[in-house]
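Dear colleague,

I am passing on the structure we spoke about, and I would be grateful if you could look through it with the notes below at hand.

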There are 2 protein chains.
Amino acid sequence: MSTSDIAKKYFELCQKHQNHIALETLFAADAVSIEAAAMPGASAETRGLQAIMGKGKTWMDNHEVHEASMEGPWPNGNRFIVRFTYDVTNKPSGRRMQMDETALFTVENDKIVREEFFYNAG
Amino acid sequence: MSTSDIAKKYFELCQKHQNHIALETLFAADAVSIEAAAMPGASAETRGLQAIMGKGKTWMDNHEVHEASMEGPWPNGNRFIVRFTYDVTNKPSGRRMQMDETALFTVENDKIVREEFFYNAG
């Protein structure tokens with residue numbers, strides 16, 4: 001698959017809320033996920049698909065998602081960008097917030113090996 | 001300046017249509033600009049600030065801009081992403097088109113050394 005095909009497949013699965021299938025089928029076992037900032041008590045970098053799935057589950061457990069949307073994908077060479085916007089309530093704090101981030105994905109040997117999240121500072 | 005400060009400054013100047021000032025003040029002399037695809041008769045890669053300015057001028061000379069908007073910036077470490085959408089008419093062909101691209105900028109020693117454009121494939 002070309003990077004553009006992988007980008008479209010990733011986008012399509014996530015839009016159908018099948019993020020776990022996107023992770024299982026499109027990510028390398030040793031993929032790395034990098035946040036723009038570390039959350040309290042956590043590292044900005046998560047190594048390995050199992051740990052990335054765990055991070056996703058923790059986030060879902062801690063947030064009520066009122067609305068989520070995606071834009072893109074924008075490919076270039078072996079990388080692509082996707083934009084995510086969320087309207088969520090953080091369950092522990094009860095705080096409702098709007099999140100706007102872009103993610104840069106890197107593909108090697110037909111698998112996503114790296115995802116890096118960029119947070120809107122505008 | 002932090003990458004986030006450079007990102008905000010870049011964004012602010014371009015929003016005021018002062019792209020030339022953004023290039024002159026924020027870019028390194030040996031900066032590289034990379035398109036997601038090469039235009040006919042041109043390379044996808046443009047090396048050096050003078051050549052990048054030339055590329056911008058050629059584009060402006062060949063397009064009538066009906067509307068332009070920017071979103072972001074999204075910083076992460078020494079990089080940031082900006083989204084550009086344009087409604088333009090290509091003067092030579094008379095063809096009107098909507099462009100939607102994101103750009104990934106890399107900062108080193110307080111200057112932008114690399115800009116890479118990703119085109120929407122969605």
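Predicted model: local features only at pLDDT ≥ 70, side-chain atom pairs only at ≥ 80, totals over all residues.

The contact between them takes 22 residues from chain A and 22 residues from chain B. On the side of chain B that touches chain A, at least two residues each are supplied by α1 (3–15), β3 (63–76), β4 (79–90), β5 (95–108) and β6 (111–119) of chain B, and the largest share, five residues, comes from β3(B). Sorted by class, the residues on this side of chain B are 13 nonpolar, six polar and three charged. Since 100% of the interface residues of chain B are also interface residues in chain A, the copies meet through the same surface.

**The core**

The largest nonpolar core has 34 residues, and the members that touch the most others are Phe80(A), Ile81(A), Phe80(B) and Ile81(B). If residues up to four places away in sequence are not counted, Ile81(B) touches Ile81(A), Thr102(A) and Phe118(A) in chain A, and in chain B it touches Gly72(B), Pro73(B), Trp74(B), Thr102(B), Ala103(B) and Leu104(B).

**Cis peptide bonds**

Two of the residues touched by Ile81(B), namely Gly72(B) and Pro73(B), are joined by a cis peptide bond with omega of about -5°, and Pro73(B) is found in strand β3 of chain B. In chain A, a cis peptide bond likewise joins Gly72(A) and Pro73(A), with omega of about -5°, and Pro73(A) has its place in strand β3 (residues 63–76) of chain A. As background for reading these values, most peptide bonds are trans, and most residues other than glycine have a negative phi.

**Backbone angles in two loops of chain B**

His17(B), which is not a glycine, has a positive phi of about 60°; His17(B) is found in the loop between α1 and α2 (19–26) of chain B. With 10 other C-beta atoms within 10 Å, His17(B) is exposed. Asn109(B), also not a glycine, has a positive phi of about 50° and lies in the loop between β5 and β6 of chain B. Asn109(B) counts as exposed as well, because it has 7 C-beta neighbours inside 10 Å.

**A helix pair in chain A**

Helix α2 (residues 19–26) of chain A packs with helix α3 (residues 49–62) of chain A at an angle of about 170°, and their axes are 11 Å apart. That angle makes α2(A) roughly antiparallel to α3(A). From α2(A), the residues Asn19(A), His20(A) and Leu23(A) meet Leu49(A), Ile52(A), Met53(A) and Gly56(A) of α3(A). By class, this contact has four nonpolar, three polar and no charged residues.

Ser2(B) has its place in the segment before α1 of chain B, and with 11 C-beta neighbours inside 10 Å it counts as exposed. The C-alpha atoms of Ser2(B) and Leu23(B) are separated by 17 Å, the two residues being 21 residues apart along the chain.

With best regards

Definitions and conventions
Residues numbered from 1 in each chain as written. Chains lettered and ligands numbered in written order. Contact = placed C-beta atoms within 7 Å. Axes fitted to C-alpha atoms, helices over the stretch in contact; angles between N-to-C directions. Helix = DSSP H or I, 4+ residues; strand = E, 2+ residues; numbered from the N terminus. Parallel < 35°, antiparallel > 145°, perpendicular 65-115°, else oblique. Nonpolar A, V, L, I, M, F, W, Y, C, P; charged D, E, K, R; others polar. Core = buried A, V, L, I, M, F, W, Y, C linked by C-beta atoms within 7 Å. Buried ≥ 20, exposed ≤ 12 C-beta atoms within 10 Å, placed from the backbone.
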